[in-house]
Amino acid sequence: MTTQQALVKVPAVTLGFWLIKVLATTLGETGGDAVSMSMNLGYLVSSAIFLMVFVAAVYWQIRAAEFQATRYWIAIIASTTVGTTIADFCTRSLGIGYAGGSALLLTLLAVSILAWYFTLGRVDVGSVNTPSAETFYWVTIMMSQTLGTALGDWVADTEGLGYLAAAEIFGGLMLLLLALYKFTAVSRTLLFWAAFVLTRPLGAVVGDWLDKPIANGGLDLSRYGASITLISAIVVLLVLLPQRAAVRAH
C-alpha cells in the first residue's frame with residue numbers, strides 16, 4: 001500500500017464535525033429550495049443541476065492527495081442540496097408520498113452500505129483511504145442525505161407535528177445516540193451512520209422553519225439570505241474548529 005492510499009480522506013468525528021454537519025444539512029434545505037422553488041426550476045431540473053455539482057465536487061475530493069477540509073465540506077454541501085431536490089422529486093413529483101419515499105430511500109441506503117461492506121469488508125470512516133472506498137462513501141452519503149430530507153418532511157408535515165416539534169424529536173434521537181455512544185458498547189460504525197442520517201432531517205426541518213411561510217409554522221425568511229448566513233457560519237466554524245483527518249483503520 002502506498003503512502004497516498006494509506007491516507008484517510010475524511011475528517012475525524014468530533015463535536016465540531018457534527019456542528020458543521022447540521023449547518024450543512026440546513027443549508028442543503030434552504031439552498032435546494034432556493035433553486036427548485038424560488039427560481040421555479042422544479043425538482044427534476046434542480047436535481048440534475050445539483051447532481052452534476054455533486055459529481056464534480058466528489059471527483060475534486062477524490063483527486064486530493066490528502067484530507068482537505070474545504071474540498072470535503074463542499075462535497076457534503078453538494079450532497080445535501082441534491083439530496084433535498086431528489087427527495088422532493090421522489091415524494092412529491094412521483095406521488096409516492098413521504099412514507100413511500102422514505103421506504104424507497106431507506107432501501108437504497110441499505111443497498112449502498114451492504115454493497116460497500118461486501119465489496120471492501122468495512123464501512124467505518126477510518127477505512128476511507130482508497131478511491132473505491134471513497135466512491136462507496138460518497139454514494140452512501142448522498143443516499144443518507146436524501147433519506148433524511150424525506151424523513152424530516154414526513155415527521156413535520158404528514159404527521160402534523162410542525163418544524164420545531166420535529167426538530168425536538170430528531171434532536172432527542174441524537175442525544176439518545178450520544179448516550180449509547182457514552183454508556184454502551186454498540187457498534188461505533190452503526191452509531192455514526194445512524195447519527196449521520198438523523199442530522200439530515202434535523203437540518204431539513206430547521207431549514208424549513210427558517211424559510212417556510214408564517215402561516216405554515218415557519219419564519220418566512222429569504223431562502224437566499226438564510227443560505228448566505230449558513231454558509232458564513234460554516235466558514236467561521238471551519239476557522240475556529242480546524243478539522244483533522246480520521247485515524248486510518250488497521
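T25 is located in helix α2 of this predicted model. The residue is buried, its relative accessible area being 0%. A polar atom of the T25 side chain lies 3.2 Å from the backbone oxygen of T199. When residues up to four places away in sequence are not counted, T25 touches T80, Q145, T199, R200, G203 and A204.

The helix that holds T25, α2, also takes part in the covering of α3, whose buried residues are covered by elements including α2, α4 and α6. Helix α3 comprises 22 residues and spans 32 Å between its first and last C-alpha, close to the 32 Å expected at 1.5 Å a residue. Its buried residues are Y43, S46, S47, F50, F54, A57, V58 and Q61. Viewed down the axis of α3, these buried residues fall within an arc of 100° and therefore line one face of the helix. On the face of α3 turned away from this buried side, the exposed residues are L44, M52, Y59 and R63.

The largest nonpolar core contains 55 residues. Those with the most contacts inside this core are V10, Y72, I76, Y137, W138, W193 and F196. At least two core residues are supplied by each of α2 (15–38), α3 (42–63), α4 (69–93), α5 (97–120), α6 (131–158), α7 (163–183), α8 (188–211) and α9 (223–240). For W193, leaving aside neighbours within four places in sequence, the residues in contact are W116, V123, Y137, T140 and I141. Among these partners of W193 is Y137, which is itself listed with the residues that have the most contacts inside the core.

Definitions and conventions: Residues are numbered from 1 along each chain as its sequence is written. This is a predicted model: local features need pLDDT of at least 70, side-chain atom pairs count only at pLDDT 80 or more; totals for chains, interfaces and linings use all residues. Side-chain values use heavy atoms; hydrogens and water are left out. A nonpolar core is a set of buried Ala, Val, Leu, Ile, Met, Phe, Trp, Tyr and Cys residues joined through side-chain atoms within 4.5 Å. Buried means under 20% relative accessible area, exposed over 50%, partly exposed in between (1.4 Å probe, protein chains only). Helices (H or I, at least four residues) and strands (E, at least two) are DSSP runs, numbered from the N terminus. Contact means heavy atoms within 4.5 Å. The expected span of a helix is 1.5 Å times one less than its number of residues. The arc is that of the directions from the helix axis to the C-beta atoms. A polar contact is a pair of N or O atoms within 3.5 Å; within protein, one must be able to donate a hydrogen and the other to accept it, and residues adjacent in sequence count only if both atoms are side-chain atoms.
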